[in-house]
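Hi,

Here is the structure I promised to hand over.

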Amino acid sequence: MDTMRDRFAPVVSGMLDEDPRVAVVLAEIGRDGFMEATRRHPDRVINVGIREQLLIGAGAGLALAGMRPVVHTFASFLVERPFEQVKLDLGHQDVGAVLVSAAASYDWPAGGFTHMAPGDVAVLDTLDGWTVHVPGHPDEAETLLRHAVGAGEGKDDKVYVRLSAQSNEQARAVDGQRFLTVREGRRGVVVAVGPMLDAVLAATEGLDVTVLYASTVRPFDSAALRRATDSADTDVVLVEPFLAGTSTAAANDALLHVPHRVLGLGVGRRELRRYGQLGEHVAAHGLDAASLRERITGFLR
Amino acid sequence: MTTTYGFTELPELMGLMTGAEKHGPAATSTLDVLWVLYDRVLRVEPGRSEDPERDRFLLSKGHGPMAYYAVLAAKGFLPVEWLPGFGSYDSPLGHHPDRVLVPGAEIGSGSLGHGLPIAVGTALGLRAQGRVDPAVWVLIGDAELDEGSNHEAIAYAGPAGLDRLHTVVIDNSSASHALPGGIAARFEVAGWSAETVDGRDHEALHAAFTAPHPGRPRVVVARVEPKNA
């Protein structure tokens, strides 16, 4: 199976052909995938070199000039390094862009912590008005990319699409907005975010819990969580492929009207200082099916 | 809305904001450059803020924006009546400008080092749409040039041949560590067309602003009296 990142350049290259407003801005990373698109659209595939502040600023300028910029590099360099540009050049200027990251929390464990960004969504969460897509499968990534680039009447929405090497076996019918109900039960609600779904389904096999699937986490689908807790218990477990607790506040806000408990599972804050393979990092953060089952059953009453 | 104000009335307009007709260097260092641009160079006017063919002026140096507001008021972009409210809760005019609140302001600024990268993107966007006429101007300060984001933009814009991009650097010697070889040289090695002029000489500024620079972005370094003199 190809990865979400494999899907990115072909899908966006197609959008460059279809929509003259679309422009791609790169900072070296990912440029090989756009070689053919660069030949066809030399003015709309822009590689600024290894300059991430300029990457975001140029994206904002393109938006101010009426274009729909798709801005791409690894999550560390897209969200964390030029964070003030994300905050001011897009948010404060009141213009939109589609930020598409790769490498996620630890897609390249041998590359070490410099290329890991488990905090990207939490950092972005300090800003207002961002839509955050966390696809769990390459097909979902394609759907959500199309949704993001074409979003809104004026196409000026601020959207973050987090592509990962982690993936579920099968794609779900995502719509860029709502959580999906994958399983129904009575003893609590487990929200699986993006590529965590397969592990969550394995971990909750035979448990009497509702499983919601979230491939779009901002805005947080509060209505879906409230509906789920109406029929199941108000114990909620969030399982996220990024920093543990990233969506805990959103879940708490959704359940303000009822007594409830929320357990936020995800990547630990402490730097692991390990290389190795993706699966080894998943296990180290307690996000494999066996660890999840233990932590979920330990939490539910 | 009156548009009968000239350059000699600008101190009076600035006095409406500060309560005095004497102003700090941060406010007046840009005054002549702004006036020459808005009076004789930029193809902008009130009511054309959505016209895609307009020139773009991006005030990156958002500190001390009184001269900017005075020029915008003199040219009819915003009512003179707004000026006395400068910085108050109900005023759209802050100590740093906000594009969402100030008619005619292309960007909100205050945090240094953002305007030039955004201007690069604007020039790229206009080029991608086949709009070859609009010029993009960005005004920065010499100390603002310390920000690395500007150097990313300078290094990129030259080789990219963004010939509709123009930068004005107001040099009031406020950088703690001056650029070795001078400001213009930093742009020239990156492939820009560069000229340094007296930032108080309107004819010299106009000539420098309108000089041809085929295939290259253009920087005009406008020297004014040192900030701490």
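Below is what turned up on the aromatic rings. Keep in mind that this is a predicted model.

A search through the whole structure gives eleven aromatic pairs over all chains. Take B:Phe7 and B:Trp35 to begin with: their ring centres are 6.2 Å apart and the planes meet at 55 degrees, so this pair is tilted. It ties together distant parts of the chain, as B:Phe7 is in the segment before helix H1 (10-18) of chain B and B:Trp35 is in helix H3 (residues 31-41), 28 residues apart.

Next, have a look at B:Tyr38 and B:Phe77. Their ring centres lie 5.9 Å apart with the planes at 85 degrees; over 60 counts as edge-to-face, so that is what this pair is. Again distant parts of the chain are linked: B:Tyr38 belongs to helix H3 of chain B, and B:Phe77 to the loop between helix H4 (66-74) and helix H5 (115-128), 39 residues apart. Both count as buried, B:Tyr38 with 8% relative accessibility and B:Phe77 with 11%.

These two rings also belong to a cluster: ring pairs join B:Tyr38 and B:Phe77 with B:Phe57, B:Tyr68, B:Tyr69 and B:Phe86.

One last item, from chain A: A:Arg261 sits over the face of A:Phe299, 4.1 Å from the ring centre.

Cheers

Definitions and conventions
Residues numbered from 1 in each chain as written. Chains lettered and ligands numbered in written order. Predicted model: local features only at pLDDT ≥ 70, side-chain atom pairs only at ≥ 80, totals over all residues. Heavy atoms only, no water. Phe/Tyr/Trp six-rings, centres within 6.5 Å; stacked < 30°, edge-to-face > 60°. Helix = DSSP H or I, 4+ residues; strand = E, 2+ residues; numbered from the N terminus. Buried < 20%, exposed > 50% of the residue type's maximum accessible area, 1.4 Å probe, protein only. Lys NZ or Arg CZ within 6 Å of the ring centre and 35° of its normal.
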